[in-house]
Structures are given as structure tokens and as C-alpha cells.
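Open the model in your viewer and keep the selection tool at hand. This tour goes stop by stop.

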Amino acid sequence: MAKKIWTITSNIIGGLLFIAICFLVFIVFSSRLSGEDPTIFGYQMKVVLSGSMEPTFQTGSIISIRVSNDPSFYQKGDIITFHLEDKLITHRILEVKKANGQVSYKTKGDNNNGPDLWTVSAQDIVGEYTGFTIPYVGYALNYANTKAGIALLLIVPGIWLVITAFRRKESEVREAS
Amino acid sequence: MRKAFHKVIMFPCLICIFFYAGTQVVGETEASFSSQVASEPIELSAAIVFPGTIKQLEDRAQELASSMHLIYETIMATTPDVSLQVLYGRLAEIQNIEQKLNLQLAALNTIYDELSSYKNQTLDPAVPDLYTYDYVQEGFQAVQSILQEVKGTIDFKQLEIVRSSLKWQIKKLEEKEKSSEKNTQARGQEESESQDKAASYLDASTNSINHVEVKEDGEENMDHYK
């Protein structure tokens, strides 16, 4: 009985993992094709590379961002992620400016001693920080993107799974014969 | 058992792949650092002297010192016994070189004074950052040591001695020449006198010899007649 339960549970978990992997692969490929950042149900995950927003979130943590459809409704105190040249910056809104019907934001890092030198226009905003953060995971993700990380997390397990699948098939054929 | 092992291993593999796929979904954001500095009035002032100038002065001092040493060595080289004409030439050369050495020493002193004035300016309490002008102090010290070394090596008194010795040699040779000329003249006179005397003696003796011969001839002739 216990063996049966274990078999069913492992099959369910294996199946869910497989579906999750397929889903992630689909998300990654679709975002690569569209040229946009990967978004899952309206949320994006970002690794924090520097510490100007400490202690709100730490360097090396990952944060979630709710992608906005209307970037002109943000208020003073909200933490927004926006494009600045080729970078994505996440800072707190210090001041909301409205001129000629256009909204722009003056921002500042919590850990910075002064406001940013730039003004963020509404169309540059990607989304708002939701308050969800996991510290240190960013370091692990960073390692996963190295050559050693790719070998450890993708190539070795992938080869193992392929070998296992072949052996299973082989034994099934043998049993059938 | 083997099947179970494969199944157990399969989970971590799936988790690894899932984690890797997860990394591809996560992007990056920067919590960029920025700081603002209030603009303050900036005072701009030119340097008293630039390192290039100090280096140039130092090089010039080094050049002068080397040239002075070279010239001085040529003067101090001893000359063997030579003719009066060569000694005249050497004296003129030494006087020329001595003048040149004096000029070069004056130039070296000017460089030293210039660097000294720069050094004094840097020591002025109005100068904001003393350490900025370390190169002036270093340059001054270098030129000071060059000047001291030149003054220690090149002895102008020794030059004077060499010059006076040459003059003395020339004087001595001139006197020698004069006396030899006098001697030659005197000898010439004596020789001419002695030649005259010899000639007169010769004439006299020649006459007497002829007389004797004549006499002898007469006798011979007489004998012949006999």
C-alpha cells in the first residue's frame, strides 16, 4: 500500500515538475521570440545587482515586479522599475511631476544620499515592486548561468534523464518480448 | 531496487533542470547608486612651476657639469716638452677654456638660483598644498649636489697654476732661444774672425812656401847647370 502511495506521489511530482519545466521553457522561448522580458502571469522576477535600495531589498536577492499597463498612476513612495539607457533600475518615487498632461517621476535609491539626476517618464516604467523578495537567491542564479552551473544543472541531469529513458524503454521491450 | 534508484535520481535531475529553466526567466535590475554634490565655488590657480620645467633645469645643470668636467680634464692633461709655438697655442687654448668654464659655472649658478627661488615660493604658507611641489624640492636638491660636486672637482686655482706654469715655460724657452741666438751670433763672429785670421795665415804661409820652392828650384837649376 505504502509502495503504491509512494509510486503515485512520485509520479505526480515528476509529472508536475515536467509540466513546470515545459511551461518555463515555453515562457523563455516566447519571450526570446518577442524580445521582451519573461513575464509569468503579469509578474517579472529580477535579480538585484547593487545595493542602493538597501535595506528594502539586499544585493543578490530576487524581487518580483508587477508589470503595469498604466504607468501614470504611481504615487510618491512606490518602488518602480524603469528603463534607463540599457539598464533596468529599481528606485523609490520621490516626487510625481505632471506637465502638459504627461506624468514623470523623480526617484531616489533608499540608500542614496540624494535624488537621482534623471527624471523617469511614464513610458519608461516596467512595473512596480510588489514587496516580495528572496535574499541571496540571486547569487545562486548568477552561478547557474556560468559554464560550471550550466554543466551541473542542465547537461549532466539532461544526459542522465536521456540514459534512464532509453534503459526503461529497453527493459520494456525486453519484458514484452 | 534498480528501478527505484533511477526514480530517486530522476527527481534531483528534474529539479536541476527546473532551476536552470527558472534562471532563464529571471532578469536583472540595478538599484543604481547615485549621489549629488552641491556645487561649490572652485578656485583655480596655476602651478608655480611645472615638473617639466624643473626636469629641464635639472638636465641642463647635468649637461653643464658633464661638459665642465670634460673640459677640465683636457686642461689638466700634462704636456710633454714641446716647442714654443705649441706652448703659445696651449696658453691661448687654456685661457679660452678658462673663460668658457667661468661662463658655464655662472650658468650653473643661475640655474641653482632659479630653482632656489621656486623652492622658496613653495615654502610660502600661502601655497595650499606643499606636497604637490615635492618635485621642486627634489630638483633643487639635485642641482645643489651637482653644483657642489662641480665646485669640489674643478679647481680654478689649479688652472691658474697651470697657466702660470705655461707662461713660465714660455718665458724660459724664449730666454733660451734668445741666448742661443746670441751664442750663435757670437760664434758666427768668432768663426768669421778665425776664418779671416786663418785666411791671412794661409796667405802668409803660402808666400813663404813659394819662396822656398823658388829657392829650391834655383838650387836645382844651378845643380843642373853644374
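Start with chain B. Among its contacts between residues at least 6 apart in sequence, 88% join residues at least 24 apart; two residues are in contact if their C-beta atoms, placed from the backbone, lie within 7 Å. This is a predicted model, in which local features need pLDDT of at least 70, side-chain atom pairs count only at pLDDT 80 or more, and totals for chains, interfaces and linings use all residues. Residues are numbered from 1 along each chain as its sequence is written, while chains are lettered from A and ligands numbered from 1 in the order in which they are written.

**Stop 1: chain B overall**

Color chain B by secondary structure. Read from the N terminus, the order is α-β-α-α-α-α. Helices (H or I, at least four residues) and strands (E, at least two) are DSSP runs, numbered from the N terminus. Of the 226 residues of chain B, 13% count as buried. Buried means 20 or more other C-beta atoms within 10 Å of a residue's own; exposed means 12 or fewer, and partly exposed is in between, with C-beta atoms placed from the backbone.

**Stop 2: helix 2 of chain B and its partners**

Select residues 51–76 of chain B, which form helix 2, and residues 134–153 of chain B, which form helix 4. Their axes come within 9 Å and cross at roughly 10°. That makes helix 2 of chain B roughly parallel to helix 4 of chain B. Axes are lines fitted to C-alpha atoms, for helices over the stretch in contact, and angles run from 0 to 180 degrees between N-to-C directions. Angles under 35 degrees count as roughly parallel, over 145 as roughly antiparallel, 65 to 115 as roughly perpendicular and the rest as oblique.

**Stop 3: where the chains meet**

Show both chains. Chain A gives 47 residues to the contact and chain B gives 29 residues. On the side of chain A, the largest share, eleven residues, comes from helix 1 of chain A. Next, select strand 1 of chain A and residues 27–29 of chain B, which are strand 1 of that chain. The two strands pair in the parallel sense over three bridges; strands pair if DSSP finds at least two bridges between them. Val47(A) stands opposite Glu28(B).

**Stop 4**

Select Pro55(A), in the loop between strand 1 and strand 2 of chain A. The peptide bond from Glu54(A) to Pro55(A) is cis, with omega near 5°.

Move to Glu85(A), in the loop between strand 3 and strand 4 of chain A. Its phi is near 55°, a positive value in a residue other than glycine. Glu85(A) counts as exposed, with 6 C-beta neighbours inside 10 Å.

Finish at Tyr136(A), in the loop between strand 7 and helix 2 of chain A. Tyr136(A) has a positive phi of about 65° although it is not a glycine.
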